[in-house]
Amino acid sequence: MSKDKNSKKEKFAKLIIDNNSYSFPIYSSTEGESVIDITKLHSKTKFFTYDPGFTSTASCESKITYIDGEKGILRYRGYDIEELADKSDFIEVVNLLIYGDLPNKSQLTKYKNLISRHTLLHEQIINFFQGFRRDAHPMAMMVGVMGALSSFYQDTLDIKDAHQRQEATRRIVAKSSTIGAMAYKYSIGQSFVSPKNNLSFSENFLHMCFSNTAEEYKVSPILAKAMDIIFILHADHEQNASTSTVRLAGSSGANPFACIAAGVSSLWGPAHGGANQAALEMLEEIGSSKNIKKYINKAKNKKDNFKLMGFGHRVYKNYDPRAKILKKICKKVLNHVGINNDPILQLAMDLEAIALKDKYFIEKKLYPNVDFYSGIILKAIGFPPEMFTVIFAIARTAGWTAQWTEMIEDPIQKIGRPRQLYTGNLITKYGKKRSRKNTR
Ligand code: CMC
């Protein structure tokens with residue numbers, strides 16, 4: 001990009017409108033597609049671009065995450081996701097995403113210490129939970145309580161202060177797991193379990209969810225590792241809907257807790273983070289391999305709203321690398337908890353095999369995504385489906401805070417303000433009758 005000294009403007013794109021020619025700079029990325037800089041399009045031509053769903057729009061410059069959707073590659077700060085899942089841990093990945101490179105041993109120890117010192121919540125936050133119905137979806141509690149943090153941690157709301165920004169990101173990452181675990185405990189009618197600072201992030205989350213006043217949960221290293229891998233795989237995914245929501249909310253100068261609450265809301269939808277819950281529910285609805293053909297036909301039928309949940313992706317036109325890793329650890333976790341022949345896992349594998357041979361899925365390049373196998377693992381660990389998206393949200397606080405920080409520190413950052421193609425009424429005198437078909 002032009003503001004990055006490492007890459008130079010080298011090419012121009014020409015646009016011709018009514019015989020007038022306009023030229024726009026092309027910027028090369030370090031890897032992946034180049035972009036045409038159209039920031040001056042309107043001032044030069046009086047036209048806007050039209051791109052619903054932002055299918056051809058790069059909304060920002062970023063150095064955090066790289067995806068090659070054709071090859072099925074995902075990298076955080078240049079490190080392959082496979083290697084991070086194998087060798088790193090979630091808090092190291094958080095540090096990598098936020099600070100740009102892997103910490104050394106003493107930096108990591110210090111950072112883990114700082115995160116664990118922020119896992120406690122203000123005592124009064126308990127009152128917020130008590131205001132929710134017991135049958136509330138835990139994501140409803142996540143959205144509400146995350147936003148409410150702005151009122152408790154007022155010493156980290158000044159987004160112009162770098163120290164406050166960093167402290168806010170640590171609070172958000174640390175407290176998200178406590179909020180998620182409390183939402184779970186509240187929904188099953190058990191008392192909240194306090195965090196334990198001597199445990200790792202993932203062990204502590206399992207402890208807060210599964211220990212109770214009568215019995216301490218013994219955290220299994222295999223399940224803790226699986227949990228940690230799930231957190232790592234969901235930590236960031238460049239400019240997806242929830243991350244773009246966080247950036248857009250933050251572009252107005254809103255405080256970090258409010259921005260992350262906006263991200264949690266966006267993640268909740270079934271086309272995004274809500275797909276992990278929907279995928280498991282879909283597998284349970286299909287019930288048996290003999291029904292797969294019927295559901296594949298429903299997914300292909302344009303008159304039917306049904307979609308194969310956990311399948312397809314805006315960016316991946318190949319196997320989602322995160323799904324590949326999860327498929328492998330799925331068997332390990334099931335064996336560990338003593339489920340040797342899980343009918344749901346078998347059904348998922350049969351469904352995947354049939355879909356991947358089907359012309360419709362081949363032509364549209366629809367492959368399993370991260371949500372296809374994660375639910376089976378989370379269920380085996382002991383979570384109900386309503387908690388799956390909460391777990392996604394806890395992990396994604398890493399990416400959201402890293403992307404929010406990058407945006408605030410970007411010298412060309414402006415308030416996000418897209419325009420529109422207006423197709424409504426022309427000026428109408430008040431009281432004049434108009435045919436209803438002109439309005440929606
Ligand atoms: N089942 C059946 N058809 C599908 C599916 C699916 N899961 N996904 C896409 N298609 C079809 C779609 O109908 C469209 O067909 P046509 O070209 O005939 O109109 C074509 O494939 C292209 O799909 P699209 O909806 O235009 O693609 P998109 O980039 O707008 O949407 C998606 C991507 C993930 C929202 C979509 O694939 C989907 O709804 N999948 C199911 C939900 C899901 O698993 N979401 C999790 C995404 S990964 C985790 C995350 O990032 O949150």
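Visitor: Which atoms of Lys-302 and Phe-311 lie by the ligand?

Guide: For Lys-302 a polar side-chain atom lies 3.0 Å from an oxygen atom of the ligand. For Phe-311 a backbone N or O atom lies 2.9 Å from a nitrogen atom of the ligand. The protein covers 75% of the 930 Å² of accessible area that the ligand has on its own (Shrake-Rupley method, 1.4 Å probe; for residues, only the protein chains shown count as cover).

Visitor: How are values and residue numbers to be read here?

Guide: Residues are numbered from 1 along each chain as its sequence is written, and side-chain values use heavy atoms, without hydrogens and water. As the model is predicted, local features need pLDDT of at least 70 and side-chain atom pairs count only at pLDDT 80 or more, while totals for chains, interfaces and linings use all residues.

Visitor: Why is Lys-110 called exposed?

Guide: Exposed means over 50% relative accessible area, buried under 20%, and partly exposed in between (1.4 Å probe, protein chains only). Lys-110 has a relative accessible area of 61%, so the word exposed applies. This residue is found in helix α4, residues 105-116 (a helix is a DSSP run of H or I with at least four residues, a strand a run of E with at least two, numbered from the N terminus).

Visitor: Is Asn-19 buried or exposed?

Guide: Asn-19 has a relative accessible area of 75%, so Asn-19 is exposed. Asn-19 lies in the loop between β1 (11-17) and β2 (20-27).

Visitor: What makes the phi of Asn-19 worth a remark?

Guide: Most residues other than glycine have a negative phi. Asn-19 is not a glycine, yet its phi is positive, about 70 degrees. Arg-77 is not a glycine either and has a positive phi of about 50 degrees. Arg-77 sits in the loop between β5 (73-76) and β6 (79-80).

Definitions and conventions
A polar contact is a pair of N or O atoms within 3.5 Å; within protein, one must be able to donate a hydrogen and the other to accept it, and residues adjacent in sequence count only if both atoms are side-chain atoms.
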